[in-house]
Amino acid sequence: MATRSLWGVAAKCIAASTAVAGGSAGATILTSDDPPATLKLWTNVPVRLFRNASTAASIVFDYEYSLMGLPDGSTEYSKMKHKVHLRSALKLQDLCFRNGGIYIKLGQHIGQLEYLVPEEYVKTMRESMLNKCPVSSYDQVCDVIKKELGGMPDEIFAKFDPAPIASASLAQVHVALLRNGQKVAVKVQHAHMTDTAAADYATVELIVNTLHRLFPNFDYRWLVAEVRESLPKELDFLVEAQNSKKCLHNFQKLSPHISDSIYVPLVYWNMSTKKLLTMEYIDGVQIDDVKGIWKMGILPYDVSRLISEAFAEMIYKHGFVHCDPHAANLIVRPSPSGKRNILGKRKPQLVLLDHGLYKELDFDTRVNYAALWKGLVFSDEKAIRENSAKLGAGDDLYALFAGILTMRPWNRVIDTSVDHLMIQGTENDRSELQMYASQYFPQISELLRRLPRVILLMLKTNDCLRSVNNVLLQGSSLDTFLIIGRVSSEAVIQAKLMKKKSLITRLIVWLEGIILRARLLGMHFGIWLLHFQKILLYRKSLGC
C-alpha cells in the first residue's frame, strides 16, 4: 500500500512538473540561439522528471521499509540507518551526475550542510561534486568558442589544449596560448546551460515543494530560492569578471596590509563573453594539496592564517564576499615578493578563482554579523543573543544559530576558556554534531527558513572555510578564531566611530578598541600556555 502511495507521488510529480515546465519551454526554444538543439533538450524533460521523482520515491521507500520494526536507538537501527544513508547518498549523487548543471550545484550545496544532513551525504557529495563533474566534448567546446569569439580554437589561439584541466558544474577550463605567447586559462560554459536552466529549476522546485508538503520537516525551499537568484549571475561570465575586478580593488583599498598576499587572475576582456572567459594562467597548487604546499617551501599553517584573514576582511570589512571558497577555487603559490617568515619558510600568496558567486552585505547586516562573531569569540552571551535576533534568528533560536556557526554546543559557545570554540575533529566530536543535527532537525529547518539568504550564503562560506582549514591543519585552529575576533572587532569599532560625532564618545570607542586588543593578546598568551602544557605532557609520557 505504502509502495503504491509513494509511486503515486512520483507519478503526480512527473505530471505536474511536465505541465509547469511545458509552459516555459516554448518561450525558451523561440529565444534560444539554437532552437533545434534546444527543442531536443526540452523533449528530454519528461525523462529527467521521471528520473527525479523515481529517485526521490526510491529514497523515501528505502528509509520507510529498511528501518521498519527496528527499535529506535538500538545497534541494529543505527547500523541499518548508516547503510540507508549511504545508499541514498549514492542514489542522489547518481541523479546529480546524470542530470548535470543545476543538480551538481545543489549537490555541492548539500555537501556543505554538515549541520543539517547526515555525514554519509556530506562525504559522498564532497568527494564527488568538486572533482568529478561531467566534461563537455571537444566538439561542444568548439561550438561555444565559435559562437562566442567567431572562430574555431585554432583560429583564435596559437595553441589550445582539447583536454580540460578542470571541470565544474557550469563550465570547464582549458589551457591555451595567445598569439603573443601569453599562457591563458579559457573557461568555457557547458553547452546549452542557459537553455536547460529554466527547465531544471522548474522541476527541482516542484519536487522540493512536493516533498515539503508530504514531509513538513523537509524544507529545502530556501536552497531552491537561492539557486534561482544566483544561477543567472553565475551563468554570465562578464558578471564574474566584474566581481574579480572589484574583489582585488577592495583588498587594495580597504585591506592594503594583506593586498600583496592576495591575487586575482587578469581578465582578457576582448576575448571574454557571457559564456566564455579568458584569464591569465596561474601556476600554483590547490589549497588541499598539503604535500604540494610543503614542497614549495610554504607552511600549511601560514596558508590557513592567510585564508582566515582574507575572508574575515571580505566579510566584516568589505561586505563583498566570495561565497564559493571550496578547495578547487583556491590555489596558493610563493609570494612574488620573495618574503619569508621567521622560520625562513616562503610566505604564501592566495589566488582566488571562480568569482561567479558573490554576495553583498549591506552596512547593518555586515556590522551585526561582525558583532555576532565578536560575541562568539569573546563568549559574550548578550551580544550573541542581540545580534542573532537582528540577523533574523529571533529570540528563541539564537543558541542554535550560534551552534551552527561554530559547530559547538551552547555550553561550549559561552565557555570563557581560550579554546572554547576548538573542534578536535575526533569521532566523539562528529558523533556529537550528528546527534544535535538529528535531535534539532525541525528547529534547524525553521532557522534556515527565517534567516535572510545572504546569511545563508555566509553559512555556506563558513562551512567551506572550515573544511579547507580542516584539510590544512587536520582540525580547527585557535588562530582562526583569534583572527576572526580581531577583524570583526575592528569592523565594529570602525562602524561605531562612523556614527559617533563628539570627541568624548569617539574617545570612549577608541578605548574600547584598546581593551579588545588587550583581550586578544591575553587569548594569544593563553594559547601559548596551552601549547606549552601539551609539550610538557608529551615529554612526561615519554619519560623525559
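**View 1. Crossing of helices H14 and H20 in the predicted model.** The axes of H14 (residues 363-377) and H20 (residues 453-473) come within 12 Å and cross at roughly 45 degrees. The crossing of H14 past H20 is right-handed. Thr-365, Tyr-369 and Trp-373 of H14 make the contact with Val-454, Ile-455, Met-458 and Asn-462 of H20 (contact: heavy atoms within 4.5 Å). The model is predicted, with local features requiring pLDDT of at least 70 and side-chain atom pairs pLDDT 80 or more, while totals for chains, interfaces and linings use all residues. Residues are numbered from 1 along each chain as its sequence is written, and side-chain values use heavy atoms, without hydrogens and water.

**View 2. The nonpolar cores.** The largest nonpolar core holds 70 residues, and Tyr-316, Tyr-369, Trp-373 and Phe-401 have the most contacts inside it (a core: buried Ala, Val, Leu, Ile, Met, Phe, Trp, Tyr and Cys residues joined through side-chain atoms within 4.5 Å). H14 gives the most to this core, with seven residues. Beyond four places in sequence, Tyr-316 touches residues including Arg-366, Tyr-369, Trp-373 and Ile-484. A second, separate core of 26 residues includes Phe-311, Phe-320, Leu-352 and Leu-472.

View 3. Ile-293 lies in helix H12 (residues 290-295) and is buried, with a relative accessible area of 0% (buried: under 20%, 1.4 Å probe, protein chains only). Leaving aside neighbours within four places in sequence, the contacts of Ile-293 include Val-285, Leu-299, Val-332 and Leu-472. Ile-293 and Leu-472 are 179 residues apart in sequence, with their C-alpha atoms 9.5 Å apart.

Key. Axes fitted to C-alpha atoms, helices over the stretch in contact; angles between N-to-C directions. Helix = DSSP H or I, 4+ residues; strand = E, 2+ residues; numbered from the N terminus. Left-handed = near helix turned anticlockwise from the far one by under 90°. Buried < 20%, exposed > 50% of the residue type's maximum accessible area, 1.4 Å probe, protein only.
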